[in-house]
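Please open the structure in the viewer and keep the sequence panel beside it.

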Amino acid sequence: MSSRDADVLVLGGGLVGTAVAYGLARLGQRVLVLDEGDIAHRASRGNFGLVWVQSKGFGVPEYQRWTRRSADDWADFSAELLSETGVASGHERPGGVTICLNEEELERRRKRMEQLHLEAGETQFQYEMLNPAELKKLIPAIGPEVVGASFTPYDGHANPLYTLRALHAALLKHGGRYQPNARVTAVDARPGDFRVSAGGHSYAAPKVVLAAGLGNKELGAMVGLNVPVRPVRGQIIVTERMQPVLPMPTLMIRQTVEGTIMIGESREESGFDDTTSPEIVHTLAQRAVKTFPFLRHARIVRSWGALRVMSTDGLPVYEQSVQFPGAFVCTCHSGVTLAAAHARHYARYVVEGALPAELARFSTGRFNVQAAA
Amino acid sequence: MQTDLAIIGAGPAGLSAAISATAAGLKVVVLDEQPVPGGQIYRNIETLAATRPAHLQWLGPDYAAGLPLLRHFHECAATYLPMAQVWQVGHDGRVYYRRNVANEGAVGIVHARKVLIATGAMERPLPVPGWTLPGVMSCGAAQTLLKASGLAPDGRFVLAGSGPLLLLLAAQLIRAGRPPAAILETSYDFWGALPHLPGMLGLPGYLLKGLGLLREIRAAALPFYRGVTRLEIKGRERAREIEFEVDGRSFIEAVDLVFLHQGVVPNGNLALSTDIRHHWDDLQKCFRPELDAAGRSSSDMVRVAGDAGGIVGAVGAAAMGEVAGLAAAADLGSIDAAEFESRAAAARQLLTRHRAARPFLDRLYRPRQQWVAPTDPDTVICRCEEIRAGDVRHLVAAQNCPGPNQMKSFMRCGMGPCQGRLCGLTAVELIAETRGQTPAEIGYYRIRAPIKPVTLGDMAALDVPSRHDAVNP
Amino acid sequence: MFKLLPESNPLAPAVTVVVNGRSVAVPQGCSAAAAMLMHGGGSTRTTPVSGEARAPYCMMGLCYECLMEIDGEPNQQGCLVIVREGMHINPQLGKPGVKP
């Protein structure tokens with residue numbers, strides 16, 4: 001291999017990696033994405049598909065703003081992917097609701113929405129707390145046990161799998177390269193000079209972006225970055241296709257363009273076990289039929305578990321290595337929501353060679369503070 | 001419900017395992033999807049034998065051989081749950097099922113100390129242009145209708161494909177006075193199989209039976225085309241004609257029905273969903289679980305017997321089931337090692353002979369590449385999501401797609417209600433061919449429970465602890 | 001597409017079911033899919049993807065081509081449901097609607 005296989009090597013071919021890689025390729029960078037094989041821990045193949053604002057950034061206005069920025073970009077981003085590749089990501093932004101089944105949930109919800117509103121600053125954050133009658137006007141299918149919901153117009157959803165497919169295609173279209181079956185085993189790092197061993201080959205580039213999800217912990221250590229991410233399992237159920245019935249996504253239940261209904265949003269510490277457990281699937285089903293009683297007749301076609309990439313404080317991790325400039329890390333548990341921001345903004349920062357102040361809150365320094373405290 | 005051994009499937013393997021395991025002192029529960037025991041091979045045998053003696057004659061002695069097995073099963077102490085769809089098997093021995101009784105789903109759990117998967121075989125799909133049209137069915141379907149309900153194809157029909165069942169069904173329908181209009185054979189390689197003939201000699205009866213079937217078919221003076229190189233079924237709302245090519249010559253037959261068959265492969269979704277180790281069997285061109293001689297898998301909990309563990313045929317499956325039932329009894333301490341050896345000896349010998357005979361048959365009817373990886377781009381391979389062969393080839397080539405799971409996630413192939421059962425092997429072959437790799441390197445879909453369609457209401461009613469701590473907004 | 005062989009069980013009682021709105025006799029113990037194949041004409045469902053016409057394929061619970069509406073319940077595997085007196089069997093047309 002020559003000493004310059006690419007301008008940037010992107011380690012990881014999921015939603016985060018291909019979004020950044022596509023953004024880089026669009027800016028004229030020579031990009032090579034190194035990815036694992038067909039079976040790997042892939043949050044991008046297992047996620048729920050929300051482009052979601054109303055759960056993000058309590059107490060961290062920077063996260064709220066970054067999320068909003070991406071959500072606001074999504075419609076245009078989706079249209080761009082469609083015109084680049086012919087693949088529709090299925091993005092829609094009809095607004096979204098978080099449905100509460102008891103007063104305690106509703107109260108917690110109300111407080112969080114107030115907090116987001118107060119912390120929004122100049123971005124502003126509009127929301128409504130809906131009573132069951134008001135919610136029923138938006139989504140007639142809700143059941144009698146629903147006590148209320150929060151609504152924001154910023155929320156939406158997309159098909160995460162078609163989004164990933166479109167990102168792959170768009171990356172290739174702009175001259176980027178994608179190499180599967182290339183799990184990274186070593187990174188030989190020098191400032192502005194990286195040699196990456198993967199799948200029996202060695203690749204060299206002046207920049208490298210770590211976008212390997214849970215793999216970033218190990219890879220970070222190779223380039224002087226502390227990336228304390230751990231798996232948090234989510235389980236998801238999907239039903240047979242049904243006639244359109246849910247006009248907007250809810251935090252835990254949404255209907256896809258195809259007509260299937262997805263039920264998800266469980267959270268467990270389960271290490272690297274990404275199987276499903278009947279207890280969780282049972283609990284998701286209980287919640288689903290309480291929320292939308294018609295669902296009791298719906299047949300489950302599949303269920304799966306996937307591992308979220310969770311940092312210690314739940315925020316994304318964005319940083320350039322101080323020890324080895326040119327090495328960037330980009331990791332989060334909202335690969336769909338943040339895809340637009342990663343493709344449009346993060347990629348540009350990588351080209352410019354510096355992350356802006358607005359992302360400083362997401363640097364790894366915060367973990368050292370936590371460790372010290 | 002608590003039990004020592006839960007057996008899933010009431011075909012020859014499951015029934016034999018139930019008989020041998022109960023005889024060795026185990027408490028056994030047999031869960032089966034069908035209303036009566038027998039599996040697909042002995043489907044409805046008892047009712048049929050009692051009420052339709054003529055049909056018993058036509059179906060032949062291999063079918064009638066199920067009667068004594070069923071008698072023994074009824075006499076054994078196993079608990080039998082018919083119409084029970086098992087949708088998940090846990091490594092803790094929990095077997096989750098839904099009983100389809102009187103159209104009112106009721107879910108339940110069997111807690112077992114060991115689980116034996118005996119889900120049998122399924123027909124390998126033969127994806128050809130037009131195979132999704134109404135009027136096109138599998139040969140197994142035709143045989144099922146004959147066995148279960150005394151129904152025969154109405155109108156003009158042909159059988160197309162390859163494998164022993166194709167010929168057996170032809171003979172059965174000839175005997176019933178409803179011969180096919182033609183038989184179109186797509187894969188047959190006598191010279192390739194010849195080196196494996198010695199293994200077959202351990203079962204001389206099978207060779208004679210095969211030759212007998214061919215003689216019957218010849219005597220019926222049916223057009224029998226061997227070496228078909230192209231098949232296409234045409235029609236708008238249903239099959240109207242079948243076009244095919246032999247030795248460069250094209251033929252068209254008008255049809256009302258077409259029955260396709262291309263051998264059988266393990267009915268493997270349940271075993272796959274337990275994540276036990278599987279490997280590619282290149283002769284049988286399918287994935288099969290890695291098992292020891294008694295059906296033990298890479299999981300201490302899960303065992304597999306019969307065709308679900310790799311095709312061995314009905315008698316071989318019964319022998320394997322018998323051994324697996326005894327091995328479960330030995331592993332649970334119900335019989336000692338010496339007792340296991342002596343009780344299992346005869347079945348093991350029989351199984352060895354049947355295993356030795358397989359390569360000849362597998363090679364004789366091993367599907368040619370064009371029939372497992374369709375070259376016509378418009379041929380549907382995923383019947384549920386209507387994904388075509390050309391789409392898969394194009395995606396894999398254009399996006400450097402490494403395997404079936406990436407492909408599936410990018411185009412929904414295998415995501416419909418059949419959960420990849422009808423497209424899985426075709427997808428693997430297409431990807432392997434496009435990438436220039438072997439199916440073993442490509443791998444298979446990751447299959448996840450529930451593997452049968454339980455409703456959300458069923459799931460919500462399931463008797464397991466709730467985990468509200470992990471599920472709230 | 002299928003019919004009873006003449007020698008078929010003269011002793012077995014018939015069951016009356018309603019296929020596509022028409023009362024018909026089928027053998028006891030047969031499946032809803034078999035009843036459709038005897039009396040239902042060509043296709044038994046249209047797909048939720050393109051609306052293409054389909055009919056039962058494997059008859060052993062694997063292919064989900066025999067999805068039909070049985071006694072008002074959509075997307076039932078017709079090959080696994082045994083007929084009962086008075087059962088209503090109809091094609092499954094596309095995606096099921098939502099029952100209140």
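Between which two strands of chain A is the loop that holds A:Asn181? Select A:Asn181: the residue is in the loop between strand 8 and strand 9 (184-190) of chain A, where helices (H or I, at least four residues) and strands (E, at least two) are DSSP runs numbered from the N terminus.

Before going further, note the conventions. This is a predicted model, in which local features need pLDDT of at least 70 and side-chain atom pairs count only at pLDDT 80 or more, while totals for chains, interfaces and linings use all residues. Residues are numbered from 1 along each chain as its sequence is written, chains are lettered from A and ligands numbered from 1 in the order in which they are written, and side-chain values use heavy atoms, with hydrogens and water left out.

**Confidence**

Colour the model by pLDDT, the predictor's confidence in each residue, from 0 to 100. Chain C has an average pLDDT of 92, and 94% of its residues score at least 70. For the complex, the predictor gives an ipTM of 0.96 and a pTM of 0.96.

**Backbone exceptions**

Most residues other than glycine have a negative phi, and most peptide bonds are trans. Return to A:Asn181, which has a positive phi of about 55° although it is not a glycine. A:Asn181 counts as partly exposed because its relative accessibility is 39% (buried means under 20% relative accessible area, exposed over 50%, partly exposed in between, with a 1.4 Å probe and protein chains only).

Next select B:Asp275, in the loop between helix 11 (269-273) and strand 18 (278-281) of chain B. B:Asp275 is not a glycine, yet its phi is positive, about 65°; at 43% relative accessibility, this residue also counts as partly exposed.

Then move to B:Pro450, in the loop between helix 18 (439-442) and helix 19 (456-461) of chain B. The peptide bond leading from B:Ala449 to B:Pro450 is cis, with omega near -5°.

**Chain A against chain B**

Show chains A and B together. The contact (heavy atoms within 4.5 Å) involves 56 residues from chain A and 47 residues from chain B. The size of an interface is often given as the accessible area lost when the parts come together. Here the buried area (accessible area, 1.4 Å probe, that two parts lose on being put together, summed over both) is about 4,300 Å², with carbon and sulfur atoms giving 56%.

There are 4 salt bridges between chain A and chain B, each a side-chain nitrogen of Lys or Arg within 4 Å of a carboxyl oxygen of Asp or Glu. Select B:Arg467 and A:Glu268 for one of them, in which the closest N and O atoms are 4.0 Å apart. Highlight helix 8 of chain A as well: this helix gives the largest share of the side of chain A that touches chain B, 11 residues.

A:Ser270 counts as buried because its relative accessibility is 19%. Leaving aside neighbours within four places in sequence, A:Ser270 is in contact with A:Arg233 and A:Leu307. A polar atom of the A:Ser270 side chain lies 3.1 Å from the backbone oxygen of A:Asp273.

**Chain A against chain C**

Now display chain C. The interface has 1 salt bridge: the side chains of A:Arg299 and C:Glu73 meet at 3.6 Å, N to O.

**Inside chain B**

Select helix 16 (residues 404-411) of chain B, where 8 of its 8 residues are buried; among them are B:Met407, B:Lys408 and B:Phe410. Just after this helix, B:Arg412 takes a positive phi of about 70°.

Finish at B:Thr426, in helix 17 (residues 424-435) of chain B. Is B:Thr426 buried or exposed? B:Thr426 is buried, with a relative accessible area of 3%. Beyond neighbours within four places in sequence, its contacts are B:Pro125, B:Pro127, B:Val372, B:Pro374 and B:Ile381. The C-alpha atom of B:Thr426 is 9.0 Å from that of B:Trp371, 55 residues apart along the chain.

Notes:
A polar contact is a pair of N or O atoms within 3.5 Å; within protein, one must be able to donate a hydrogen and the other to accept it, and residues adjacent in sequence count only if both atoms are side-chain atoms.
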